[in-house]
Amino acid sequence: MAPGFVAAGLLLVGIPIVIHILNRRRFKTVTWAAMEFLLRALKKNRRRLEFEQLILLVTRCLVLALLGLALARPVGCQNGALSMLGGHAGLSVIVIDNSYSMAYAVDRPDAKTHLDQAKKLAKGLIDQLSGGGEAVSIITTSPVARAVIEKPGYDLEAARQAVDRIQQAYGATDLAGAMQKALEIAERESRQPDKSLYLLTDATRSAWEGDQSTSLKQLGPELAKIYRVSHFNLSQGQNQWNQAVLQIRPKDNLVNTKFMAEFAADAKGFGAGPDSALEWSINDRPLQAGQPLKLDSDSAPSTGSYAFKSGGPQVVQATLAGKDPLPADNTRYRVIDVASELKVLIVEGKRGITPLEGSGAFLQVALAPTKDSGPGQAKSDSYVQPELISDLELGNKVLTNYSAVLLANVAQVPSTTAGQLEAFVKQGGTLMLFMGDLVNGDNYNKELLPRKLLPGPMVGPPVHSDEKGFFFDFKPKGVPHPYLGVFANQENSGLDTAQVFDYWRVEVPASSPVERVLNYQPAEGSKPGEKRLPDPAITVHSLELGRVLFFSTSANADWTTLPVRMAYVTLMQELLAGSVRPGDYWMNLSAGQSLEIPASIRLAGAPTLMDSAGQPVLMTSESRNGVAMYRSAPLERPGEYKLKTGTAEIPIAVNVPANEADVRTVPDEALKKALGDADIALHGAELPLQASLNQGGNDFGWKVMAFAVLTLLALECFMAMRFGHFRRSQVVRETV
Amino acid sequence: MIVFPGERRLPMTEIATDYRRYLDPRTLARINSLDLRARLIVEGLMTGMHRSPYQGISVEFAQHRQYVQGDDIRHVDWKVFGKTDKIYLKQYLEETNLHLICIVDASESMAFSSVGSGKQTWSKYDHATAIAASLSYMAIQQQDSVGLAIFDNDLKHFIKPSNTPGQWKILTHELTLVPRLKKTNTGRILDQLAEKLTHRSLIVLLSDFFDDLGSIKKGLRHLRFKKHEVMAFQILDPLEIEFPFEGTTLFKGLEELGELLTEPQALRAAYLHELQSFTADLRKLCRGMRVDFTRMNTADSLDVALSGFLATRAASIK
C-alpha cells in the first residue's frame, strides 16, 4: 500500500468541503418579487434539500478519498483486474541470488559485495516500472528458493523495502527452485500480458553447472516462453578467487578414545590466490602450526591426527590463515562424537555352560578383549562395552540404550521384537545378524525381511560343505570394502584362509542397495563363464538412519574357523566401528539447515540453542508419536553453536556449503547453454538503459487512473444531476 | 406612421401589419412616452383597411377590423370572408354610458423586471400601465368614461371616471408619476373602491396578486356585490414563471420579505409548484365570482389583454 496516495486522498477530501464553503461566499444577488413562494418552498423542502446536499458532499468527498485509496492499492485490491482495464498490465519477477558466494567483496562505490550491487540493480529495475501499474514479485535463492513477495504487488515502494530487507545468506544457491517459483507465479498471473524475469546472480559454476544443471536446462526454455528473461552477471569483469576448507572428515567411521584419530581437511583454492596455511584446533585449542600450502582446485587433503582423552562431542576446526574475499568459508568446523564407551547388546540364541560355548561368547571377547586386572580395575581396555543376554531377555531391554544389537544364532524373532528392532534401526541403531544352526529361515523371512532387516530372502537349508569348507573371497592386494580396509595388503591376516563349513545363503537382488562387504569364493564345480554372483558372506545396508549388517555364518566356531583366528577380533571391531552410526550425525549442519534433536538424546528440560555470538536461537517443539521433538529455526550463520540439554552442552557445527566456495564463473554463452539455449538477454553488473529492458514501454498506469477518474466523475455528475442541477425537462411554460 | 431612428421605412403594403409589432413589450420598452405607447398599442390592435373611429358595437357601421384570437365571431363579416377569404369584424358607431375603471397595482413587487436590458427594461408595472393606458385610450375614443385607481398598501390615486378629451392625458400622467416602493394590500383597496364607485362599472384590475388570497377574495366579492364587471389580469415576469436560476444566489425580497441565500436549482421544482398552486387557487376564486382572469407574461404580446377587454365590453353592453 502506498501511504502517499492515501494521505493525498485524505487531503483531497477537504476540497469539496472548501469549495462548498467558498461557494457560500461567492453568490449572485437577485432582487426578487415572488419571495413568498420561494420561502414557502424552502420551508417545505428544507430537510430534503439539506439531506441531498449532504449526500452530494459526502459523495464528492468519497470520490476523492476512494481515488486516493485506489491509487494506493491497499491490501485486497492488489490483483491485476483493475490494471487489466488499462490494457497494459505488466509483471516483473526479480530473482536475487543471495547465496554465500554473493558476499564476495569487490571494490565498487556504494556496493561492497555482489549482493549489495544486486539489491541496487533490483531497486533500479523497480524504479523503471510504471508506478501503480506493473506488479513486482521478488524471489531469493538461498538457502532455499523463497518468494519475498510471492503475490505480485503494485506497491513499488513496498517492493523496494523488501529488496532492502534481503539478507546475505550463507547457504547454497537454489536457482532451479527460484525459477520454478517464477514459473508458478507466471501461471497464477497468466492474465498479465507482459512478463519480465530478471535473474541477478554471480554466475558461479556451482549455481549454473552443479547439481541443478538438469533442472535449469528444463526450466530455461519454459521460462523463456512466458517471460522476457534477462540475466545480470554481478561478477562480470571481476577476476574472482577464493580459498576455503571444504570438508573435515575422520579417517575412521567411529572415533574413539582408544586409538589415535586421523582427520583429513579438503582445503582448496579457486582462482589465482596467494599461498596459505592450514591450522588445526580441537575445541578451540590450536594443535600445530600450519605449513604453507599452495592451494588450487585439485589440492590434496591435508591431514592431522589427535588422540582424544575423553569421549563425547568435540569440535575439530581447520582454518586457512590469511584473508580472501569470502572469509566465512576459511574456517570449517566438525563435531566429532568421540566414543569412550560403546554399549552393544549381544543376544545369544544358544547359551553355553562352558566359556566360549555360547553363540555370542566369541563376539563378546572380540569386542572387549579381557586383560589381566586386579580387583576394582577394568577388565578390558576396549571402548566397547558388550552386554551378553539370552534371546529370552531381549524383549525386556530398552534398545535405544545401545549403539548396536547383535543377534547370534537366535532361532526366531517374535513379531513384536522384530518391530522393536526395526524402530531401533530406523532411529540410527545398528543391527548385526549372525547365523547359526538354530536360525529359522522361514521366521526370519517372515518377520525381518518385510521390515528390510535382511539383505534379501534367506534360502534354506543352510549351505553345507565337507571338511574342506568354503573360503572368503578376500584378496589382500585387491581393493577391499572400506570396512576391511585394515586388512589391505596384509598377506597373513587369516581372512582368506578361514574355513566356513556352513552358512545361510541370501539372495541379494542385483538392483539392491545392499553392499557386499565380503563374498564367498565361488564353489567348485561352477561352470566356467557362468555369470552367477558369488554368495555374500557379509553384507551391510542402511535402513533410514541405521544400518543392518548380515553375517552369513556363525559368530562362534560352530560353522567356521574364523573365530579362532586373530583376524576375527579385528574384523568384528571394524564391522562394528564401520556400521555403527556416529553420534555426531545430527551435529554437523550446513548454513540454512535447522537443527533437529534426535529422540535418542536425553533431555532434562527444554533445550536451548545459542549461536556463535551467544544469542539464543528459537527452538520449537512438536509431538511425534507421543514424543516431543525439538527443532530450531534455520541456522543462518556459520560457526559453532551450543545446545544445552539440561545435563550437557553439545556443540553444533554450522558450515558454509562446500560448493559455494568455488567462485569461478561461467561465461555468458555457457549461461545460455545452462538454460537450455533459451533466449535470454545478458547484462553486466550495471543497469542498462530502460529501453532495452522494457521494450514496448507501457503507460497503462495512467490509463487505469484516467479510467478510474472518469468513472468516479460520471458517478458524481449523475448524483449532481439527480440532486440538484437544472433539468430542462422540468421547464413548464404556462399558457397565458 | 412612426419611424424610429435606424429603422427602415416600410412600404405602404406592409404598414398595416407593421403596427402589430407595437404589441410586443420589447418594442414598447424602447418608447418612453406612455401615451404614445398606448396609441401604438391600439393602432397595432385596430389595424384595418382604413382609419376609423375605434368603435365597438352599434347600429351604425363604422369600419372593418381584422379578426384576432378572442374576438366574438358574431361580429365576423361573412360576406367579406366569402369574397376575400379573410376574416374581418364589423364595427359600429354607438353611444354608450360605460364606465371603465383601471385599478393598477403599484406595489414594490410590480417593479420586478427581466425583459429588455439597460434602461429599456419592461417591468410588470410597465406592462400594467401600458394595458391601462391603451384601454383608457380606446374607451375615451368611444366616448366612454374612464377612471383610474393606483394603489400599493393604500389607495394612492383615484381619478373619477370621465369621458372628457383631457381625461386620458391626466390618466397617463398619473400612471407615469407613481413611485413603487411599498407593500400591497389588494383586498382592502378593492373594498375601498367598491364603496367609492357608485356607478356600475367595468373594472380592470392589473396586479401580480402577490397578496393574501383571502383578502383578495373579500375585495372582489365586494365589487361583484356592487354589480361591477371585473377583469383581473395577473401580470408575471418570465423569470417568475420559469425560475431558471443556477448557482448560489442571494434572493433579496421585495415588499420587505427578507433575504434568502440558497441553491435555486434545488428549490426550483418546489417554487414552481407553489406558484402554480397559488395561480390555480386565484383562477378558481375568480371563476367562482365570475371574474375574468387572465395570467399575463410580460414577455408576451399585449393584444390578448386588449382583445379580451373588447369582448368583455361588448358583452357588458349587450
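Predicted model: local features only at pLDDT ≥ 70, side-chain atom pairs only at ≥ 80, totals over all residues.
**Notebook: a look through chains A and B**

I started with two helices in chain B: α5(B) (residues 124–141) and α6(B) (residues 167–177) pack at an angle of about 175°, with axes 10 Å apart. The cut-off for roughly antiparallel is over 145 degrees, so I logged α5(B) as roughly antiparallel to α6(B).

From α5(B) I wrote down Thr129(B), Ala132(B), Ala133(B), Ser136(B), Tyr137(B) and Ile140(B); they meet Gln167(B), Trp168(B), Leu171(B), Thr172(B) and Leu175(B) of α6(B). Sorted by class, this contact has seven nonpolar residues, four polar ones and no charged ones.

**Sheet in chain B**

I then traced an open sheet of six strands in chain B, in the order β7-β6-β3-β8-β9-β12, with mixed pairing. Which strands are at the edges? They are β7(B) (155–162) and β12(B), each pairing on one side only. Neighbouring strands here are turned by 15° against each other on average, ignoring direction.

At the β7 end I checked the pairing: β6(B) (residues 145–151) runs antiparallel to β7(B) over five bridges. For a landmark I took Val146(B), whose bridge partner in β7(B) is Ser162(B). I also found α10(B) packing on the sheet, where this helix touches β9(B) (229–236) and β12(B). The direction of α10(B) makes about 150° with that of β12(B).

**Where B meets A**

How many residues of each chain are in contact? I got 39 from chain B against 31 from chain A. On the chain B side, α9 (238–242), β10 (249–253), β11 (259–262), α10 (264–288) and β12 (292–297) each supply at least two residues. The helix α10(B) gives the largest share, 11 residues. By class, I have the chain B side down as 21 nonpolar, eight polar and 10 charged residues.

I also looked at strand pairing between the chains. Strand β1(A) (residues 28–32) runs parallel to β10(B), and five bridges join them. One pair to click on is Thr29(A) with its bridge partner Leu250(B).

**Chain A**

Overall tally for chain A: 16 helices and 35 strands. Of its 736 residues, 42% are buried. Among contacts with a separation of 6 or more, 77% are between residues 24 or more positions apart.

I picked out one helix, α5(A) (residues 114–127). Its 14 residues reach 20 Å from first C-alpha to last, close to the 20 Å expected at 1.5 Å a residue. Buried residues in α5(A) include His114(A), Lys119(A), Leu121(A) and Ile126(A).

Last stop was β27(A) (residues 546–554). Is this strand mostly covered or mostly open? It is mostly covered, with nine of its nine residues buried. I found two pairings for β27(A). With β20(A) (residues 430–435) the pairing is parallel, over six bridges, and Thr430(A) has Arg547(A) as its bridge partner. β26(A) and β27(A) form a hairpin with two residues between them. In the turn, I noted that Glu544(A) has a positive phi of about 50°.

Key. Residues numbered from 1 in each chain as written. Chains lettered and ligands numbered in written order. Axes fitted to C-alpha atoms, helices over the stretch in contact; angles between N-to-C directions. Helix = DSSP H or I, 4+ residues; strand = E, 2+ residues; numbered from the N terminus. Parallel < 35°, antiparallel > 145°, perpendicular 65-115°, else oblique. Contact = placed C-beta atoms within 7 Å. Nonpolar A, V, L, I, M, F, W, Y, C, P; charged D, E, K, R; others polar. Pairing = 2+ DSSP bridges. Expected span 1.5 Å × (residues − 1). Buried ≥ 20, exposed ≤ 12 C-beta atoms within 10 Å, placed from the backbone.
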